[in-house]
Each structure stands twice: as C-alpha cells, then as structure tokens.
Amino acid sequence: MKKILILNGPNLNLLGKREPDIYGKQTYADLEAYVAECCAARGVEFEIFQSNHEGALIDRLHQAHGVCDGIVYNPGAHTHYS
C-alpha cells in the first residue's frame with residue numbers, strides 16, 4: 001500500500017474560523033475527513049500533519065524520508081512570510 005504524508009503549514013488550522021467569507025466555511029477537520037475519504041477510496045495510507053512552526057514541518061518532512069512514497073505540502077502562510 002502506498003503511503004503519503006500531507007503537511008499543512010501555518011494558519012491552516014484556522015480554516016472555517018478565520019475570515020470565512022474569504023477562505024470558506026469548511027474547517028480543518030472537514031479537510032482531514034475529505035482526505036481520509038479520498039485516500040480510502042484509492043487504497044492509500046496517509047498521515048496529516050499541521051504546524052504553525054516551520055521547524056516542526058521540516059523535522060516531519062525529514063522523518064518521512066524512506067517511509068513515505070510521496071509528500072503533499074500546502075505551505076499556508078509560508079508562501080508569504082518564510
């Protein structure tokens with residue numbers, strides 16, 4: 001079974017709470033449920049990790065080496081500030 005790591009960066013934990021008129025009303029829990037559903041339908045094992053700390057994200061990325069078949073990184077606020 002393939003395994004992927006999904007990394008989510010700063011502020012994504014605020015989905016559905018922070019400026020819902022701009023970012024939508026779906027919460028981070030909704031996103032996790034959607035990913036779980038999509039992965040289950042395709043027989044893919046996954047792990048989701050979110051942090052507001054760049055170092056924690058980089059550490060988790062390094063831990064995935066040789067363990068995960070792929071990584072999806074949604075950098076969130078890192079696209080603006082890092």
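Reading the labels in a predicted model

User: Where is K3 placed?
Analyst: K3 sits in strand β1, residues 3–8; a strand is a DSSP run of E with at least two residues, numbered from the N terminus. This is a predicted model, where local features need pLDDT of at least 70, side-chain atom pairs count only at pLDDT 80 or more, and totals for chains, interfaces and linings use all residues. Residues are numbered from 1 along each chain as its sequence is written, and side-chain values use heavy atoms, with hydrogens and water left out.

User: Why is K3 said to have no salt bridge?
Analyst: A salt bridge needs a side-chain nitrogen of Lys or Arg within 4 Å of a carboxyl oxygen of Asp or Glu. For K3, the nearest side chain of opposite charge is E45, at 4.1 Å, so no salt bridge is counted. K3 is also buried.

User: Which residues does K3 touch, leaving out those up to four places away in sequence?
Analyst: They are E45, E47, V67, C68, D69 and G70, where contact means heavy atoms within 4.5 Å.

User: Why is D30 called partly exposed?
Analyst: Buried means under 20% relative accessible area, exposed means over 50%, and partly exposed is in between (1.4 Å probe, protein chains only). D30 has 37% relative accessibility, so it counts as partly exposed. D30 lies in helix α2; a helix is a DSSP run of H or I with at least four residues.

User: How do you know that N11 and E19 are partly exposed too?
Analyst: N11 has a relative accessible area of 31%, so it is partly exposed. E19, at 40%, therefore counts as partly exposed.

User: What makes the phi of N11 worth a look?
Analyst: N11 has a positive phi of about 75 degrees although it is not a glycine. N11 is placed in the loop between β1 and α1 (20–23). E19 lies in the loop between β1 and α1, and its phi is positive at about 45 degrees, again without being a glycine.

Methods
Lys, Arg positive; Asp, Glu negative; His and termini not counted.
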